[in-house]
Amino acid sequence: MAGVREARGDLHLEGVTKTFGDFVAVDDLTLHVPRNSFFALLGPSGCGKTTTLRMVAGLEQPTTGRVLIGDTDLTGSRPYERPVNTVFQSYALFPHLTIRDNVAFGPKRRKEKDAAQRAEDALELVQMTQFAGRKPAQLSGGQQQRVALARALVNHPEVLLLDEPLGALDLKLRREMQVELKRIQTEVGLTFIHVTHDQEEAMTMADTVAVMNKGRIEQLGPPSELYDLPRTRFVANFLGQANTGVGAIEGIDGEHLVADVLGTKVKILKDRSQVHEGEVLFGVRPEKVTVSRTQPAGVGNDVKGTVRDVSFLGVATSYLVDMPSGTTWSCYEQNLDVEPLDLRPGDEVWLTWNPGHAFGVSPEEA
Amino acid sequence: MAAMTPTTPTSSTAASGPAQRPSAARRARLWLANHFAVIAAILVLLYLFLPVAYTFAFSFNDHGRSNIVWQGFTWEHWQDPCGVPGVCESLVTSLQVGVISTVVATVLGTLMALAMVRYRFRGRSASNLLIFVPMATPEIVMGAALLTIFVQGFSNIGISLGFGTIVFAHIMFCLSFVVVTVKARLQSLDPRIEEAAQDLYAGPLQTFWSVTFPLILPGIAGAAMLAFSLSFDDFIITNFVSGNESTFPKFVYVASRRGIPAEANVIGFSMFVIAVLLVVGAQVVSSMRASRYKS
Amino acid sequence: MSALAHVTTDPAASTAQGPRATGRSRTAYLLLLPGVLWLGVFFLLPLVQLAAVSLQSRYPGFPGYYYPDLNFANYAAALTDYAPHFARSFLYAGLATLLAFLISYPLAYAMAFKAGRWRNLMLICVIAPFFTSFILRTFAWSQILADEGWVVGVLSFLNLLPGGSIINTPVAVVAGLTYNFLPFMVLPIYASLERADPRVIEAGGDLYANGFTTFRTVTLPMSMPGVLAGTLLTFIPAAGDFVNMELLGPQRGKMVGNVINDQFLAVPGGYPVAAALSFTLMAAILAMVFLYVRRFGTEELV
């Protein structure tokens, strides 16, 4: 292990900031990733997620702040001194070396005696043994991706970084590799940090997802929690779809806030709203909305609209409904009924939802 | 040029059923228009080789005092290319200068190219300019400038015109060409490949030798070939800085006042053949390698 | 002149990525140091010395001896006495560049779009003649264009040669200059055409139908970086050349390169004026290069 720092434990980023000239790529980021977890950094391009990853790898140094694994401060150390390996977006396989030599590259640099055997084992793990003698250019994208993974895994890094590793693959291969990656993570039990802009990919694979925007983490938590209760407008819109409307909070009714949104009174559970007075951005997920032809009994939490589009998806039917306020809501209805609603564009419908499913965030974008 | 082909009704005649064939003259014109670029290219290639053919032919000329007009066939010059005093000595000097200049210029130029492509630093655009300007300076100006400094400046520290000054000058003018050639290769190299090596525990030197160097080697080899041919063929700068030393081009130039001896044609043509064989050989080897990968 | 460099390296590797700062500047300076020192000592310093010499004065009565001075009369002499030489240099070099462009373009075009598997062979054929010595090639032209040769014979027979002679005329000089710097024109144009997508040209053909319009509006603009590099690489050495004039040209009416060469190497006491001539030539060429690059240029010339 010549030159490589011994470091075991959780990954900590403490107050990490990275600026390029005037541009703040990562802004005072503090992050704790437990050992052996599958952690996803999710965000649009330019949000600072790749820069964060590169700082963990040592390919960039933070302008301020610290990077630690366990109790070992790795700030300032070079990439080759860190027990961290990366699967690059473009794979970055060495084009002049065979697959076998690509995978054995790390163990050889660390002067491991059984480098060749370990390379074979790693290739077996990703089911690429039969291609060991080829050059990268002779492999397909999916195969190259597996080799890149094996080349990183073979070193048993304390943290494995994945930089949009599935970005270049087609949809079917992507699905396969998502399952495969998850399997391998469970099997080898390493800390995986997965950078992606694909919210579906992040949600299916990760234990914990951190949504990044403009160099900051907007929200962090298990995928289900982020989806169910987004805490910012950005998260609500970036992670899945949300039907939203802005309105003023008018008062409190027991456990609920009451707000005037889209010309109707809506209720939001107090602990599901980030703001308790003034303007609120009310939101509800498409599958939580029920479509009916007549106004249901009860007060509020319903709104009238005009059907714009109906798509039959098999398990569900998706409706796009134009609201009087000018926005368009989308709703998913499971096809459970024997006689489905026979709705056509132009029909007037009522949308309702259970107030327990609504959420409220500040209408301001961070 | 296909792009210059005048518009023709061929496609419409084809569409409109059994139309009559265009006339012979028209077909000839069409054919010429379609193949203009290829015909022109072949003519230009013939033109390029014309002086080489003359050089070759006149290496067999049984000339007397001057080798300008054809006088009769002889093998004599091929049997003893060194038969004329000075010609082989100048060739050896040229080869020595070429090899030394190529090695030094290639090493220094590769280092510079690495710095220019892989690093951001203060003075980068100034360095770029310093590399570019020698290529935009006429050789005669460089030769003149070197002559003045060698005669009026460096002579004070014991440097006099000769083999050394030729090598110094050749390294200088080869350097910029090496830098741009290697730079082009480096720029086409994905920097993430080097990052991957670092990420896989290779230090800066290990990264260079195990990844960067093998990948830019074709560029370095190309740069070295370019440097050698520039050095070997240089006359104008050499003429200024060589003093009494003679290189092959200088020998030929001096001899040209009286008529170049056919032995110089023998050597010049042989160098041409060797160079072509080397290039073709390299091509064949690389294409064989490429086909081996495929199988 | 990336276009030329591009040819000498693997033409397949053209997926250039922008430079990326991956290291520390101290290493960069160490890497640059030897080369920069070399260029400093053997390029910049000599130019400074040349500038100094161009202002020196001669010791009267001692040819070959000079003292430091600010003698701008050298420049006056250079510009007045040798203005015709400058004019001829730029005229001949300009003509040679234009001819080289006209000859090179069809060849480069054929190599890029028509050659198919012959492409590498053609590339070798373009470079190969230049492995014979520059002087030998030029001398071969003096044989080809000689009064007894077939070129003159054919042209005289066709009554196309009123003067009766080509050798020792400016025509021969321009012919030699054109020939000698041709690959510097072919290779950059080829490199830029080779990178162009032939489908774009076909699309141009669809849009305009007229072949010449396609060429003027699509093909030529796409190859402009190559044309730019090629014209510079041809014009600069041609303007400073004296060998073609010496071997092929007339006794009188020399180019500025011949004057510089003679003043330095044959005329005793010629250094200051020759240095002034060199400096003027370099300044004129650099000025032209920068104007030209600004007018037509791409940013990434080097």
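Biologist: Which residue of chain C forms a salt bridge with D233(B)?

Modeller: This is a predicted model: local features need pLDDT of at least 70, side-chain atom pairs count only at pLDDT 80 or more, and totals for chains, interfaces and linings use all residues. Residues are numbered from 1 along each chain as its sequence is written, chains are lettered from A and ligands numbered from 1 in the order written, and side-chain values use heavy atoms, with hydrogens and water left out. A salt bridge puts a side-chain nitrogen of Lys or Arg within 4 Å of a carboxyl oxygen of Asp or Glu. With the closest N and O atoms 3.8 Å apart, the partner of D233(B) is R137(C).

Biologist: What area is buried between chain C and chain B?

Modeller: The contact (heavy atoms within 4.5 Å) takes 103 residues from chain C and 105 residues from chain B. The count between the two chains is one salt bridge. Carbon and sulfur atoms give 77% of the buried area. That area (accessible area, 1.4 Å probe, that two parts lose on being put together, summed over both) is about 9,500 Å².

Biologist: Which residues touch the most other members of the largest nonpolar core?

Modeller: A nonpolar core joins buried Ala, Val, Leu, Ile, Met, Phe, Trp, Tyr and Cys residues through side-chain atoms within 4.5 Å; buried means under 20% relative accessible area (1.4 Å probe, protein chains only). Leaving aside neighbours within four places in sequence, the contacts of L107(C) include A41(B), V44(B), L45(B) and L48(B) from chain B, and M122(C), V126(C) and V186(C) from chain C. Of the 200 residues in the largest core, the two that touch the most other members are L107(C) and F264(C).

Biologist: Why is helix α8 (residues 170-180) of chain C largely enclosed by the rest of the structure, and how many of its 11 residues are buried?

Modeller: Helices here are DSSP runs of H or I of at least four residues, strands are runs of E of at least two, and both are numbered from the N terminus. The cover over the buried residues of α8(C) includes α3 (36-58) of chain B, and α4 (83-114) and α12 (224-240) of chain C. Among the buried residues are V173(C), L177(C) and Y179(C). Helix α8(C) is largely enclosed because, of its 11 residues, the number buried is eight.

Biologist: What area do domain 2 of chain B and domain 3 of chain B bury between them?

Modeller: Domain 2 covers 59-84 + 261-290 of chain B and domain 3 covers 86-258, with bounds from an automatic or database assignment. Their centres, taken over C-alpha atoms, are 27 Å apart, and the salt bridge count between them is zero. Carbon and sulfur atoms hold 84% of the area buried between these domains, which is about 830 Å².

Biologist: What is the order of the four strands in the open sheet of chain A?

Modeller: Two strands pair if DSSP finds at least two bridges between them. Strand β1 (residues 11-20) pairs in the antiparallel sense with β2 (residues 23-33) over seven bridges, and with β4 (residues 64-69) over five bridges. The order is β2-β1-β4-β5.

Biologist: In β4(A), what is the bridge partner of L13(A)?

Modeller: On the β2(A) side, T19(A) has V24(A) as its bridge partner. On the β4(A) side, E14(A) stands opposite R66(A). In β4(A), the bridge partner of L13(A) is V67(A).

Note on methods: Buried means under 20% relative accessible area, exposed over 50%, partly exposed in between (1.4 Å probe, protein chains only).
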